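This briefing is for a reader new to the structure shown below.

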Amino acid sequence: MKKSKKFPFLGKTIILIGGSQGIGKATAAEFVRLGGNVCIVARTLETLKNVQQELESNKPLEEQWVDIISADATIEDQIKPALEEFVKKKGCDILINCVGGAWPHYVQDYTPADFEKAMTFNYMSTVIPIMTVLPHFMEHGGHIVNVSSMAGYLGLIGYTTYSPAKFAVVGLSEALRHELKPYSIHVSVVYPPDTDTPGLKMEEETKFEELKLMTAKAKLKQPEDVAKAIIKGVRKKKFDIHVGSSGWINWTKRHLPWLYFWIVDRDLKKIRKQLGKE
């Protein structure tokens, strides 16, 4: 069967790092729905098997396949050989890096080890898969999609370990976009707002009162919303892929930084006064 409007990813191989839940799982499902072959990489084998079975049962075409790799994206000795073997056998057209998570605290409650942990989990989990698949992409072309966050272009109270790591993902993506363009390698970076995922539920466990109130107004996106934005951005080969309010907030931060800082500083001041801290 030839590629069609209904199945634009027919014959394409998509590797999703961190694809067993949340945004990654929803994105895998969307690629499968559109005819793509998917390999999901995550740590927990049992979860991977369940997701594989679910996606296999929903694939629209008999010739499609769903593979899984159980590996930790932050451990090079673990993920690199598994990815290399897979790419050698089945190739890769699109690599999507979805690993990430935040543990909000007041800055004085962090240790340097916490900053290192956040950088490893949010940044090196992106770097290692890219460097593993890169030789294949440099020979055949491809598309790298890195999931950052709105915290990847703005910093808020509570995210002093998370934001730097997600900023780093954006910087990496920009440098790769420039350097790899001659090799027919496209690069995209995704900026999801708060999304209803298991990762966000974990994040909520350590949020303190100021941060809870700062983020309370945000309307949660569903993983499927982010997945559709990723698919649309990949098809258009867009570099910046914004979701929901992320686009106009990013525009304000870039073009009217004084207004952005005034708004967030005002909001924090009101919240601290409400909590009796000023």
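The points below are grouped by topic and describe a predicted model.

**Helix packing**

- Helix H4 (residues 112-140) packs with helix H5 (residues 162-180) at an angle of about 20 degrees, and the two axes are 7 Å apart.
- H4 is therefore roughly parallel to H5, because angles under 35 degrees count as roughly parallel.
- On the H4 side, the residues in contact include Ala118, Met119, Tyr123, Ile130 and Leu134.
- On the H5 side, they include Tyr162, Pro164, Lys166, Val169, Leu172 and Leu180.
- Sorted by class, the contact of H4 with H5 consists of 14 nonpolar, 2 polar and 1 charged residues.

**Aromatic pairs**

- The whole structure contains 8 aromatic pairs.
- One of them joins Tyr153 and Tyr191, with ring centres 5.5 Å apart and planes at 70 degrees, so this pair is edge-to-face.
- Tyr153 is in the loop between strand E5 (142-147) and H5, while Tyr191 is in strand E6 (residues 185-191), so the pair ties together parts that are 38 residues apart in sequence.
- Tyr153 counts as buried at 8% relative accessibility, and Tyr191 counts as buried at 2%.
- Tyr159 and Tyr162 form a tilted aromatic pair, 5.8 Å centre to centre with 50 degrees between the planes.
- Both partners count as buried: Tyr159 has 8% relative accessibility, and Tyr162 has 12%.

**Charges over rings**

- Lys90 lies over the face of Trp65, 4.1 Å from the ring centre.
- Lys117 has its charged end over the ring of Trp103, at 4.3 Å from the centre of that ring.

Conventions. Residues numbered from 1 in each chain as written. Predicted model: local features only at pLDDT ≥ 70, side-chain atom pairs only at ≥ 80, totals over all residues. Heavy atoms only, no water. Axes fitted to C-alpha atoms, helices over the stretch in contact; angles between N-to-C directions. Helix = DSSP H or I, 4+ residues; strand = E, 2+ residues; numbered from the N terminus. Parallel < 35°, antiparallel > 145°, perpendicular 65-115°, else oblique. Contact = heavy atoms within 4.5 Å. Nonpolar A, V, L, I, M, F, W, Y, C, P; charged D, E, K, R; others polar. Phe/Tyr/Trp six-rings, centres within 6.5 Å; stacked < 30°, edge-to-face > 60°. Buried < 20%, exposed > 50% of the residue type's maximum accessible area, 1.4 Å probe, protein only. Lys NZ or Arg CZ within 6 Å of the ring centre and 35° of its normal.
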